[in-house]
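Notebook open, ligand site up, then a pair of helices. I'll jot things down as I look them up.

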Amino acid sequence: MEDLESLKTQILQNIAAAADLKSLDEVRVAAMGKKGAVTEMMKGLGALPQEQKIEAGKKLNVLKNEIEQAVANRREILENEVLNQKLATEIVDVTLPIRPEIQGRVHPVSKIYEEVVAIFGQMGFDVAEGPDIEDQFHNFNALNMPPNHPARQMQDTFYLPHDANEPFDMDKSYVIRTHTSGMQIRTMENKKPPIRIIAPGRTYRSDYDATHTPMFHQVEGLVIDKTTTMAHLKGCLYDFVKAFFELDEIPVRYRPSYFPFTEPSAEMDIGCLKTKTELKVGAGSDWLEILGCGMVHPNVLKAGGIDPDEYQGFAFGVGLDRLAMLKYGIPDLRTFFESDVRWLKNYGFAPLDFSSMTGGLSNNGGQTR
Ligand code: DAH
């Protein structure tokens with residue numbers, strides 16, 4: 001029992017010195033475990049005379065309590081240290097900027113432009129570009145639409161004064177092109193057949209609602225050779241819509257139609273499913289008109305300086321914005337041209353995801369939108 005004081009001092013010192021929970025537990029076991037120093041002393045009590053036994057038993061109990069208290073205090077300190085350390089290493093700095101974001105977006109119309117060029121490019125088409133301000137010969141007359149032709153009325157044309165110093169003369173004035181079809185004539189003027197071009201670009205009509213804006217985009221297509229037929233037209237446009245919508249199969253149909261610059265003329269529909277909230281291309285029992293097309297009218301070939309007895313071909317015209325609305329589910333055309341950066345962030349594309357037939361057109365799986 002004389003050792004009791006020094007044992008206590010020793011144990012309390014060890015407890016205070018325990019650097020972590022594991023060594024604290026070792027100190028506890030060494031004192032109070034089954035074979036611990038204090039436990040051994042307890043066991044030794046039996047050998048003492050009755051008087052001393054009571055005295056020593058009390059002392060040992062006090063010691064036991066003191067040790068337990070000291071261990072509990074030390075444990076709390078150590079546990080707090082562990083927690084604080086964890087908090088320090090796992091700290092979240094809420095003032096850091098959010099995930100890095102790609103700067104800038106490609107407008108859906110530019111994306112669709114790239115996609116269309118990639119598809120027809122692979123089919124061997126060249127890209128032709130022409131002026132937005134067009135004379136009436138190229139925009140109308142040469143396309144078998146002479147003055148007073150009723151089809152001119154369908155186009156709500158913007159006319160520009162030919163000469164600011166002279167009285168306005170509708171027949172002489174320039175127009176901002178109402179369609180890209182004038183590029184058929186400009187191409188024929190500059191190129192001998194065989195011809196295979198697409199002409200994407202801006203077009204203008206005085207019209208404004210959810211599906212019409214005064215400025216919009218079209219792609220014109222023109223193929224001329226000696227034996228080009230309507231079957232080529234059908235195959236070419238079928239391949240185009242499949243590639244464009246990135247589907248293996250799409251139901252298509254060609255409806256007879258009328259355009260002054262083609263004979264016969266047709267409109268191409270693709271199969272789709274229309275619900276109140278959604279339009280799903282490629283399946284279902286509904287039809288959606290997507291483009292106009294036909295065999296180039298002999299008068300148009302003549303106007304372009306090509307002999308219609310030797311050459312024939314087909315043409316088509318597609319609305320690019322409409323394709324963008326369809327493919328990317330954008331409901332209102334007017335929003336395309338409002339320059340709202342939030343809209344562009346939502347519907348735009350990552351700048352370096354170029355469209356290609358081998359690398360993917362829209363790359364929708366990637367972090368592009
Ligand atoms: N130019 C027509 C339009 O703007 C579209 C069009 C239809 C172009 C048939 C064509 C064609 O080349 O063959 O509505």
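I started with His-179: a polar atom of its side chain sits 3.0 Å from a ligand nitrogen, a polar contact by the rule I use (a pair of N or O atoms within 3.5 Å). Next I looked up Gln-184, where a side-chain N or O atom is 3.1 Å from an oxygen atom of the ligand. For Phe-316 I found a backbone N or O atom 3.3 Å from a ligand oxygen. The protein covers 90% of the ligand's own 350 Å² of accessible area (Shrake-Rupley, 1.4 Å probe).

Caveats for myself: this is a predicted model, with pLDDT of at least 70 needed for local features and 80 or more for side-chain atom pairs, while totals for chains, interfaces and linings use all residues. Numbering runs from 1 along each chain as its sequence is written, and side-chain values use heavy atoms, with hydrogens and water left out.

Then I checked the shell: 15 residues surround the ligand (a heavy atom within 4 Å). The closest are His-179, Ser-181, Arg-205, Gln-218 and Glu-220. By class I get five nonpolar, eight polar and two charged residues. Strand 6 (215-225), strand 10 (286-296) and strand 11 (312-319) each give two or more residues to this shell; strands are DSSP E runs of at least two residues, helices H or I runs of at least four.

Last, I looked at helix 1 (residues 3-17) against helix 3 (residues 37-44): they pack at about 155°, axes 11 Å apart. That makes the two helices, helix 1 and helix 3, roughly antiparallel (angles over 145 degrees).

How values were computed:
A polar contact is a pair of N or O atoms within 3.5 Å; within protein, one must be able to donate a hydrogen and the other to accept it, and residues adjacent in sequence count only if both atoms are side-chain atoms. Ala, Val, Leu, Ile, Met, Phe, Trp, Tyr, Cys and Pro count as nonpolar, Asp, Glu, Lys and Arg as charged, and the others, Gly among them, as polar. Axes are lines fitted to C-alpha atoms, for helices over the stretch in contact, and angles run from 0 to 180 degrees between N-to-C directions. Angles under 35 degrees count as roughly parallel, over 145 as roughly antiparallel, 65 to 115 as roughly perpendicular and the rest as oblique.
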